[in-house]
Amino acid sequence: MRVSIVGSGYVGTTLAACLAEFGHRVVAVDIDESTVADVENGVAPVHEPGLDDLLARHGGDRLRATTDYDRVRDTDVTFLALPTPCDADGRIDTGIIEAGARSLGEALAAKDDTHLVVVKSTVVPGTTEDVLAPVVADASGKTLGEDLLVGMNPEFLREGSAVSDLQHPDKLVFGAREERAFERLRELYAPLRDDSDDHDDSDDSDGDREPETPVVETGIREAEMIKYANNAFLASKVSLVNELGNVCKEFGVDAYEVADAIGLDDRIGAKFLRSGVGWGGSCFPKDTSALVTAARDAGYEPELLDTAISVNDRQPERLLSLLDDHLDVDGARVAVLGLAFKPGTDDVRNSRAIPTIEGLLDRDASVVAYDPVAAENMRAHLPDIEYADSAATALDGADAAVVVTDWDEFAALDDEFEAMCSPVVVDGRRIVTRREGIEYEGLTW
(Lines give C-alpha, C1' and ligand atoms only; values in the text may rest on other atoms or scores of the structure.)
Protein backbone atom coordinates (compact mmCIF):
# COMPACT_ATOMS: atom_id res chain seq x y z
CA MET A 1 0.00 0.00 0.00
CA ARG A 2 0.94 3.64 -0.29
CA VAL A 3 1.02 5.17 3.18
CA SER A 4 1.70 8.64 4.54
CA ILE A 5 2.44 9.45 8.17
CA VAL A 6 2.17 12.95 9.58
CA GLY A 7 4.60 13.30 12.47
CA SER A 8 8.08 11.81 12.86
CA GLY A 9 8.49 11.41 16.60
CA TYR A 10 8.89 8.10 18.44
CA VAL A 11 5.59 6.70 17.21
CA GLY A 12 5.55 8.13 13.70
CA THR A 13 9.11 7.20 12.82
CA THR A 14 8.80 3.68 14.22
CA LEU A 15 5.52 3.16 12.39
CA ALA A 16 7.00 4.48 9.13
CA ALA A 17 10.08 2.28 9.35
CA CYS A 18 8.14 -0.87 10.23
CA LEU A 19 5.51 -0.34 7.52
CA ALA A 20 8.35 0.06 5.00
CA GLU A 21 9.82 -3.18 6.32
CA PHE A 22 6.43 -4.82 5.75
CA GLY A 23 6.72 -3.87 2.07
CA HIS A 24 4.60 -0.72 1.90
CA ARG A 25 5.69 2.53 0.23
CA VAL A 26 5.79 5.16 2.97
CA VAL A 27 6.01 8.96 3.01
CA ALA A 28 6.83 10.62 6.34
CA VAL A 29 5.65 14.23 6.63
CA ASP A 30 7.07 16.56 9.27
CA ILE A 31 7.57 20.31 9.59
CA ASP A 32 11.03 19.93 11.14
CA GLU A 33 13.55 20.04 8.30
CA SER A 34 16.34 18.39 10.31
CA THR A 35 14.08 15.47 11.21
CA VAL A 36 13.03 15.10 7.59
CA ALA A 37 16.68 15.11 6.50
CA ASP A 38 17.54 12.44 9.06
CA VAL A 39 14.74 10.10 7.96
CA GLU A 40 15.46 10.69 4.27
CA ASN A 41 19.13 9.88 4.88
CA GLY A 42 18.36 6.75 6.86
CA VAL A 43 19.24 8.17 10.27
CA ALA A 44 16.92 7.74 13.26
CA PRO A 45 15.91 11.13 14.76
CA VAL A 46 15.28 9.41 18.12
CA HIS A 47 17.15 6.75 20.09
CA GLU A 48 15.27 3.49 19.70
CA PRO A 49 16.88 0.04 19.44
CA GLY A 50 16.50 -1.45 15.96
CA LEU A 51 15.24 1.76 14.38
CA ASP A 52 18.62 2.76 12.94
CA ASP A 53 18.85 -0.52 11.02
CA LEU A 54 15.37 -0.17 9.51
CA LEU A 55 15.95 3.44 8.47
CA ALA A 56 19.36 2.61 7.03
CA ARG A 57 17.68 -0.09 4.95
CA HIS A 58 14.65 1.88 3.74
CA GLY A 59 15.35 5.62 4.20
CA GLY A 60 15.42 7.45 0.88
CA ASP A 61 14.00 4.41 -0.89
CA ARG A 62 10.84 2.66 0.27
CA LEU A 63 10.59 5.27 3.03
CA ARG A 64 10.76 8.89 1.96
CA ALA A 65 10.52 12.01 4.10
CA THR A 66 9.27 15.48 3.23
CA THR A 67 7.90 18.73 4.60
CA ASP A 68 5.40 18.87 1.70
CA TYR A 69 1.88 17.84 2.73
CA ASP A 70 0.88 17.56 -0.92
CA ARG A 71 2.73 14.25 -1.06
CA VAL A 72 -0.15 12.65 0.87
CA ARG A 73 -2.27 12.82 -2.29
CA ASP A 74 -0.24 9.97 -3.75
CA THR A 75 -1.10 7.66 -0.84
CA ASP A 76 -4.09 5.51 0.13
CA VAL A 77 -4.07 6.14 3.85
CA THR A 78 -2.63 8.80 6.15
CA PHE A 79 -1.79 8.35 9.82
CA LEU A 80 -1.84 11.32 12.18
CA ALA A 81 0.95 10.63 14.68
CA LEU A 82 1.34 14.04 16.26
CA PRO A 83 1.82 15.04 19.92
CA THR A 84 -1.21 15.49 22.17
CA PRO A 85 0.39 16.88 25.33
CA CYS A 86 -1.47 17.78 28.50
CA ASP A 87 -2.01 21.38 29.48
CA ALA A 88 -1.58 22.74 32.99
CA ASP A 89 -5.02 21.42 33.98
CA GLY A 90 -4.33 17.88 32.75
CA ARG A 91 -6.49 18.13 29.62
CA ILE A 92 -5.01 17.06 26.31
CA ASP A 93 -3.98 19.90 24.04
CA THR A 94 -5.14 19.08 20.51
CA GLY A 95 -3.67 22.21 18.96
CA ILE A 96 -0.77 20.42 17.23
CA ILE A 97 -2.81 17.55 15.84
CA GLU A 98 -5.63 19.90 14.74
CA ALA A 99 -3.08 21.96 12.80
CA GLY A 100 -1.77 18.79 11.19
CA ALA A 101 -5.32 17.67 10.36
CA ARG A 102 -6.03 21.02 8.74
CA SER A 103 -2.88 20.89 6.60
CA LEU A 104 -3.73 17.32 5.65
CA GLY A 105 -7.24 18.31 4.62
CA GLU A 106 -5.97 21.18 2.50
CA ALA A 107 -3.65 18.78 0.69
CA LEU A 108 -6.43 16.23 0.15
CA ALA A 109 -8.70 18.85 -1.45
CA ALA A 110 -7.00 18.20 -4.80
CA LYS A 111 -7.32 14.40 -4.57
CA ASP A 112 -10.17 12.66 -6.42
CA ASP A 113 -9.99 9.20 -4.85
CA THR A 114 -11.35 8.17 -1.46
CA HIS A 115 -8.80 8.65 1.29
CA LEU A 116 -8.56 7.04 4.73
CA VAL A 117 -7.30 9.18 7.63
CA VAL A 118 -6.28 7.21 10.73
CA VAL A 119 -5.58 8.82 14.08
CA LYS A 120 -2.58 7.16 15.73
CA SER A 121 -2.14 9.76 18.46
CA THR A 122 -3.67 9.22 21.88
CA VAL A 123 -6.86 11.28 22.18
CA VAL A 124 -9.79 11.15 24.59
CA PRO A 125 -13.00 9.52 23.35
CA GLY A 126 -14.87 11.71 20.90
CA THR A 127 -11.84 13.66 19.68
CA THR A 128 -11.47 11.84 16.36
CA GLU A 129 -15.13 12.13 15.37
CA ASP A 130 -16.03 15.46 16.97
CA VAL A 131 -12.82 17.44 16.47
CA LEU A 132 -10.34 16.00 13.97
CA ALA A 133 -12.65 14.49 11.36
CA PRO A 134 -14.60 17.76 10.89
CA VAL A 135 -11.32 19.67 10.53
CA VAL A 136 -10.10 17.36 7.76
CA ALA A 137 -13.52 17.34 6.05
CA ASP A 138 -13.87 21.11 6.15
CA ALA A 139 -10.37 21.76 4.82
CA SER A 140 -10.64 19.13 2.09
CA GLY A 141 -14.23 19.72 1.01
CA LYS A 142 -14.79 15.96 1.19
CA THR A 143 -17.78 14.15 2.65
CA LEU A 144 -17.23 11.97 5.71
CA GLY A 145 -18.20 8.38 5.07
CA GLU A 146 -18.09 8.79 1.30
CA ASP A 147 -14.82 10.08 -0.20
CA LEU A 148 -13.26 10.65 3.24
CA LEU A 149 -12.98 7.75 5.68
CA VAL A 150 -11.76 8.15 9.25
CA GLY A 151 -10.40 5.57 11.66
CA MET A 152 -8.56 5.16 14.94
CA ASN A 153 -5.60 2.80 15.39
CA PRO A 154 -4.05 3.33 18.86
CA GLU A 155 -0.43 2.41 19.47
CA PHE A 156 0.83 0.25 22.32
CA LEU A 157 4.56 0.80 21.88
CA ARG A 158 7.06 0.87 24.72
CA GLU A 159 10.02 3.14 24.26
CA GLY A 160 13.14 1.00 24.21
CA SER A 161 11.31 -1.87 22.51
CA ALA A 162 9.01 -0.01 20.09
CA VAL A 163 10.26 -1.74 16.93
CA SER A 164 9.77 -5.18 18.42
CA ASP A 165 6.39 -4.18 19.84
CA LEU A 166 5.16 -3.03 16.44
CA GLN A 167 6.49 -6.08 14.61
CA HIS A 168 5.17 -8.51 17.24
CA PRO A 169 2.14 -6.84 18.81
CA ASP A 170 -0.05 -8.34 21.52
CA LYS A 171 -3.07 -6.98 19.69
CA LEU A 172 -4.19 -4.68 16.89
CA VAL A 173 -7.10 -2.31 17.51
CA PHE A 174 -9.05 -0.89 14.55
CA GLY A 175 -11.72 1.73 15.23
CA ALA A 176 -13.93 2.81 12.33
CA ARG A 177 -17.47 3.21 11.09
CA GLU A 178 -17.29 2.00 7.50
CA GLU A 179 -16.37 -1.47 6.34
CA ARG A 180 -14.11 0.11 3.70
CA ALA A 181 -11.98 1.59 6.47
CA PHE A 182 -11.66 -1.78 8.18
CA GLU A 183 -10.71 -3.38 4.86
CA ARG A 184 -7.84 -0.94 4.33
CA LEU A 185 -6.55 -1.40 7.86
CA ARG A 186 -6.67 -5.18 7.48
CA GLU A 187 -4.73 -4.93 4.23
CA LEU A 188 -2.18 -2.57 5.77
CA TYR A 189 -1.42 -4.91 8.66
CA ALA A 190 -1.74 -8.12 6.65
CA PRO A 191 2.00 -8.92 7.05
CA LEU A 192 1.35 -9.32 10.80
CA ARG A 193 -1.49 -11.75 10.22
CA ASP A 194 -0.95 -15.48 10.05
CA ASP A 195 -2.18 -17.22 6.91
CA SER A 196 -3.63 -19.93 9.12
CA ASP A 197 -6.82 -20.07 7.07
CA ASP A 198 -4.85 -21.98 4.44
CA HIS A 199 -2.96 -24.05 7.02
CA ASP A 200 -3.64 -27.77 7.42
CA ASP A 201 -3.66 -28.41 11.16
CA SER A 202 -2.60 -32.00 10.53
CA ASP A 203 0.80 -30.80 9.31
CA ASP A 204 3.02 -30.94 12.42
CA SER A 205 5.88 -29.24 10.58
CA ASP A 206 4.27 -25.86 11.26
CA GLY A 207 3.60 -26.53 14.90
CA ASP A 208 6.01 -23.81 15.99
CA ARG A 209 4.49 -21.05 13.87
CA GLU A 210 3.62 -17.89 15.78
CA PRO A 211 -0.08 -17.47 16.65
CA GLU A 212 -2.17 -15.01 14.73
CA THR A 213 -2.12 -11.48 16.14
CA PRO A 214 -5.52 -10.76 17.76
CA VAL A 215 -7.41 -7.98 16.00
CA VAL A 216 -10.09 -5.95 17.75
CA GLU A 217 -12.49 -4.22 15.36
CA THR A 218 -14.62 -1.72 17.20
CA GLY A 219 -16.02 1.79 17.16
CA ILE A 220 -13.82 4.86 17.03
CA ARG A 221 -14.66 6.00 20.56
CA GLU A 222 -14.04 2.51 21.89
CA ALA A 223 -10.63 2.41 20.18
CA GLU A 224 -9.72 5.76 21.72
CA MET A 225 -10.74 4.52 25.17
CA ILE A 226 -8.88 1.21 24.85
CA LYS A 227 -5.57 3.08 24.71
CA TYR A 228 -6.34 5.06 27.86
CA ALA A 229 -7.69 2.02 29.69
CA ASN A 230 -4.60 0.04 28.72
CA ASN A 231 -2.17 2.64 30.09
CA ALA A 232 -4.28 3.47 33.14
CA PHE A 233 -4.38 -0.20 34.11
CA LEU A 234 -0.63 -0.63 33.72
CA ALA A 235 0.16 2.61 35.56
CA SER A 236 -2.16 1.58 38.39
CA LYS A 237 -0.52 -1.86 38.53
CA VAL A 238 2.92 -0.28 38.91
CA SER A 239 1.66 2.10 41.60
CA LEU A 240 0.00 -0.77 43.45
CA VAL A 241 3.17 -2.86 43.47
CA ASN A 242 5.13 0.22 44.58
CA GLU A 243 2.68 0.78 47.44
CA LEU A 244 2.97 -2.88 48.42
CA GLY A 245 6.76 -2.54 48.13
CA ASN A 246 6.75 0.41 50.49
CA VAL A 247 4.77 -1.63 53.00
CA CYS A 248 7.15 -4.56 52.56
CA LYS A 249 10.10 -2.28 53.30
CA GLU A 250 8.54 -1.23 56.60
CA PHE A 251 8.34 -4.87 57.68
CA GLY A 252 11.82 -5.78 56.45
CA VAL A 253 10.32 -7.89 53.67
CA ASP A 254 11.89 -8.24 50.21
CA ALA A 255 9.16 -6.95 47.88
CA TYR A 256 10.74 -8.67 44.89
CA GLU A 257 10.36 -12.10 46.46
CA VAL A 258 6.74 -11.27 47.19
CA ALA A 259 6.20 -10.06 43.62
CA ASP A 260 7.79 -13.21 42.18
CA ALA A 261 5.26 -15.30 44.09
CA ILE A 262 2.12 -13.31 43.30
CA GLY A 263 3.20 -13.05 39.66
CA LEU A 264 2.70 -16.81 39.35
CA ASP A 265 -1.04 -16.25 39.76
CA ASP A 266 -2.38 -16.05 36.19
CA ARG A 267 -4.99 -13.55 37.33
CA ILE A 268 -2.14 -11.15 38.20
CA GLY A 269 0.74 -12.03 35.86
CA ALA A 270 4.44 -11.34 36.31
CA LYS A 271 4.73 -8.24 34.13
CA PHE A 272 4.86 -4.73 35.65
CA LEU A 273 5.57 -6.07 39.15
CA ARG A 274 9.04 -4.53 39.54
CA SER A 275 8.58 -2.07 42.36
CA GLY A 276 10.82 0.99 42.44
CA VAL A 277 11.02 4.72 42.02
CA GLY A 278 7.98 4.93 39.75
CA TRP A 279 6.86 5.41 36.16
CA GLY A 280 7.56 8.29 33.84
CA GLY A 281 7.88 8.89 30.12
CA SER A 282 5.41 10.45 27.73
CA CYS A 283 2.47 8.03 27.99
CA PHE A 284 1.63 6.97 31.55
CA PRO A 285 1.79 10.47 33.12
CA LYS A 286 0.02 12.18 30.24
CA ASP A 287 -2.61 9.53 29.67
CA THR A 288 -3.55 8.98 33.31
CA SER A 289 -3.80 12.75 33.88
CA ALA A 290 -5.88 13.21 30.73
CA LEU A 291 -8.22 10.38 31.69
CA VAL A 292 -8.63 11.73 35.23
CA THR A 293 -9.42 15.21 33.92
CA ALA A 294 -11.77 13.92 31.23
CA ALA A 295 -13.61 11.83 33.82
CA ARG A 296 -14.01 14.85 36.10
CA ASP A 297 -15.25 16.94 33.18
CA ALA A 298 -17.86 14.23 32.60
CA GLY A 299 -18.92 14.36 36.26
CA TYR A 300 -17.10 11.31 37.66
CA GLU A 301 -14.43 11.40 40.37
CA PRO A 302 -11.74 8.76 39.52
CA GLU A 303 -10.37 8.19 43.02
CA LEU A 304 -8.35 5.07 42.23
CA LEU A 305 -6.52 6.73 39.33
CA ASP A 306 -5.88 9.78 41.51
CA THR A 307 -4.27 7.51 44.08
CA ALA A 308 -2.15 5.75 41.44
CA ILE A 309 -0.74 9.13 40.40
CA SER A 310 -0.18 10.19 44.01
CA VAL A 311 1.72 7.01 44.89
CA ASN A 312 3.91 7.43 41.83
CA ASP A 313 4.66 11.06 42.62
CA ARG A 314 5.80 10.17 46.15
CA GLN A 315 8.35 7.51 45.21
CA PRO A 316 11.31 9.83 44.40
CA GLU A 317 10.94 11.56 47.76
CA ARG A 318 10.81 8.16 49.48
CA LEU A 319 14.07 7.28 47.73
CA LEU A 320 15.65 10.45 49.09
CA SER A 321 14.28 9.86 52.59
CA LEU A 322 16.17 6.55 52.64
CA LEU A 323 19.31 8.43 51.61
CA ASP A 324 18.68 10.89 54.45
CA ASP A 325 18.78 7.96 56.89
CA HIS A 326 22.42 7.31 55.92
CA LEU A 327 23.94 10.77 55.68
CA ASP A 328 23.27 14.50 55.71
CA VAL A 329 23.40 15.40 52.03
CA ASP A 330 23.79 19.12 52.70
CA GLY A 331 27.05 19.89 50.90
CA ALA A 332 27.56 16.23 49.97
CA ARG A 333 28.46 15.10 46.45
CA VAL A 334 25.72 12.72 45.25
CA ALA A 335 25.92 10.72 42.03
CA VAL A 336 22.64 10.15 40.20
CA LEU A 337 22.88 7.08 37.97
CA GLY A 338 20.31 7.06 35.20
CA LEU A 339 18.44 10.00 33.68
CA ALA A 340 16.19 8.45 31.02
CA PHE A 341 12.75 7.45 32.28
CA LYS A 342 13.61 3.84 31.39
CA PRO A 343 16.56 1.97 29.85
CA GLY A 344 16.80 1.71 26.07
CA THR A 345 15.75 5.29 25.37
CA ASP A 346 17.11 8.83 25.59
CA ASP A 347 13.66 10.18 26.58
CA VAL A 348 13.69 12.13 29.84
CA ARG A 349 10.08 13.29 29.75
CA ASN A 350 8.65 12.86 33.27
CA SER A 351 11.75 10.89 34.26
CA ARG A 352 11.88 10.10 37.97
CA ALA A 353 15.41 11.49 37.84
CA ILE A 354 14.01 15.03 37.59
CA PRO A 355 12.22 15.14 40.98
CA THR A 356 15.07 13.12 42.48
CA ILE A 357 17.66 15.69 41.38
CA GLU A 358 15.41 18.57 42.37
CA GLY A 359 14.99 17.02 45.81
CA LEU A 360 18.76 16.71 46.18
CA LEU A 361 19.24 20.34 45.15
CA ASP A 362 16.60 21.39 47.69
CA ARG A 363 18.76 19.61 50.27
CA ASP A 364 21.78 21.64 49.04
CA ALA A 365 23.57 18.60 47.70
CA SER A 366 26.14 18.81 44.91
CA VAL A 367 24.79 16.61 42.10
CA VAL A 368 26.78 14.78 39.43
CA ALA A 369 24.65 12.82 36.96
CA TYR A 370 25.32 10.11 34.40
CA ASP A 371 23.28 8.31 31.74
CA PRO A 372 24.58 6.37 28.70
CA VAL A 373 22.41 8.24 26.17
CA ALA A 374 20.11 10.77 27.88
CA ALA A 375 22.51 13.30 29.43
CA GLU A 376 22.12 15.92 26.71
CA ASN A 377 18.33 15.75 26.84
CA MET A 378 18.41 16.14 30.61
CA ARG A 379 20.81 19.06 30.34
CA ALA A 380 18.01 21.00 28.64
CA HIS A 381 15.88 20.53 31.80
CA LEU A 382 18.60 20.84 34.42
CA PRO A 383 21.55 22.75 32.96
CA ASP A 384 23.23 23.72 36.22
CA ILE A 385 24.29 20.33 37.55
CA GLU A 386 27.43 18.40 36.67
CA TYR A 387 27.23 15.68 34.01
CA ALA A 388 29.76 12.85 33.92
CA ASP A 389 30.84 10.91 30.84
CA SER A 390 30.81 7.56 32.66
CA ALA A 391 29.42 5.92 35.78
CA ALA A 392 32.97 5.59 37.11
CA THR A 393 33.56 9.33 36.75
CA ALA A 394 30.26 10.11 38.48
CA LEU A 395 31.09 7.82 41.42
CA ASP A 396 34.68 9.02 41.81
CA GLY A 397 34.77 11.05 45.02
CA ALA A 398 31.01 10.87 45.60
CA ASP A 399 29.61 10.67 49.12
CA ALA A 400 26.57 8.72 47.95
CA ALA A 401 24.84 7.41 44.85
CA VAL A 402 21.19 6.94 43.92
CA VAL A 403 20.13 4.67 41.06
CA VAL A 404 17.12 5.90 39.12
CA THR A 405 17.28 4.01 35.79
CA ASP A 406 18.08 0.31 35.51
CA TRP A 407 20.63 0.35 32.70
CA ASP A 408 22.40 -3.01 32.44
CA GLU A 409 25.83 -1.41 32.83
CA PHE A 410 24.96 -0.42 36.39
CA ALA A 411 24.65 -4.10 37.30
CA ALA A 412 28.30 -4.55 36.30
CA LEU A 413 29.63 -1.79 38.57
CA ASP A 414 32.01 -3.12 41.20
CA ASP A 415 35.42 -1.53 41.66
CA GLU A 416 33.89 1.82 40.71
CA PHE A 417 32.22 2.00 44.13
CA GLU A 418 35.60 1.84 45.82
CA ALA A 419 36.41 5.29 44.42
CA MET A 420 33.56 6.85 46.45
CA CYS A 421 34.35 8.79 49.60
CA SER A 422 31.60 6.99 51.51
CA PRO A 423 30.03 4.22 49.44
CA VAL A 424 26.33 4.74 50.27
CA VAL A 425 24.14 3.41 47.45
CA VAL A 426 20.36 3.79 47.44
CA ASP A 427 18.97 1.71 44.60
CA GLY A 428 15.60 2.65 43.15
CA ARG A 429 15.52 -0.10 40.52
CA ARG A 430 17.15 -3.22 42.07
CA ILE A 431 19.94 -3.23 39.48
CA VAL A 432 22.98 -2.99 41.80
CA THR A 433 23.92 -6.13 43.72
CA ARG A 434 24.19 -5.83 47.48
CA ARG A 435 27.80 -6.59 48.41
CA GLU A 436 30.52 -6.00 50.96
CA GLY A 437 32.23 -2.65 50.68
CA ILE A 438 29.11 -0.57 50.02
CA GLU A 439 26.37 0.59 52.36
CA TYR A 440 23.42 -0.57 50.26
CA GLU A 441 19.76 0.37 50.62
CA GLY A 442 17.00 -0.88 48.35
CA LEU A 443 13.88 1.21 47.88
CA THR A 444 11.37 -1.60 48.51
CA TRP A 445 13.57 -4.53 49.59
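This is a predicted model: local features need pLDDT of at least 70, side-chain atom pairs count only at pLDDT 80 or more; totals for chains, interfaces and linings use all residues.
**Chat about the fold**

Me: Which order do the strands of the six-stranded sheet take?
Reply: The order is 11-10-9-12-13-14 in an open sheet, and the pairing is parallel. Strand 11 (386-387) and strand 14 (439-442) are the edge strands, each of them pairing on one side only.

Me: How many bridges hold strand 9 to strand 10?
Reply: Five bridges connect strand 9, residues 333-337, with strand 10, residues 366-370, and the two run parallel. Within that pairing, A335 sits opposite V368 of strand 10.

Me: Changing topic, why does the radius of gyration agree with a compact globule?
Reply: It agrees because a compact globule of 445 residues would have a radius of gyration near 22 Å, and the protein has 24 Å. Along the principal axes, the C-alpha atoms fill a box of roughly 70 × 55 × 50 Å.

Me: What share of the residues is buried, and what does the surface consist of?
Reply: Of the 445 residues, 53% count as buried, while the protein exposes about 19,500 Å², with carbon and sulfur atoms supplying 47% of that area.

Me: Last one: how far apart are the mean positions of the positive and negative charges?
Reply: There are 41 positive and 90 negative charges, and their mean positions lie 4 Å apart.

How values were computed:
Residues are numbered from 1 along each chain as its sequence is written. Side-chain values use heavy atoms; hydrogens and water are left out. The radius of gyration is taken over C-alpha atoms; the globule rule is 2.2 Å times the number of residues to the power 0.38. Buried means under 20% relative accessible area, exposed over 50%, partly exposed in between (1.4 Å probe, protein chains only). Accessible areas come from the Shrake-Rupley method with a 1.4 Å probe; for residues, only the protein chains shown count as cover. Lys and Arg count as positive and Asp and Glu as negative; His and the chain ends are not counted. The place of a charge is taken as NZ of Lys, CZ of Arg, CG of Asp or CD of Glu. Two strands pair if DSSP finds at least two bridges between them. Helices (H or I, at least four residues) and strands (E, at least two) are DSSP runs, numbered from the N terminus.
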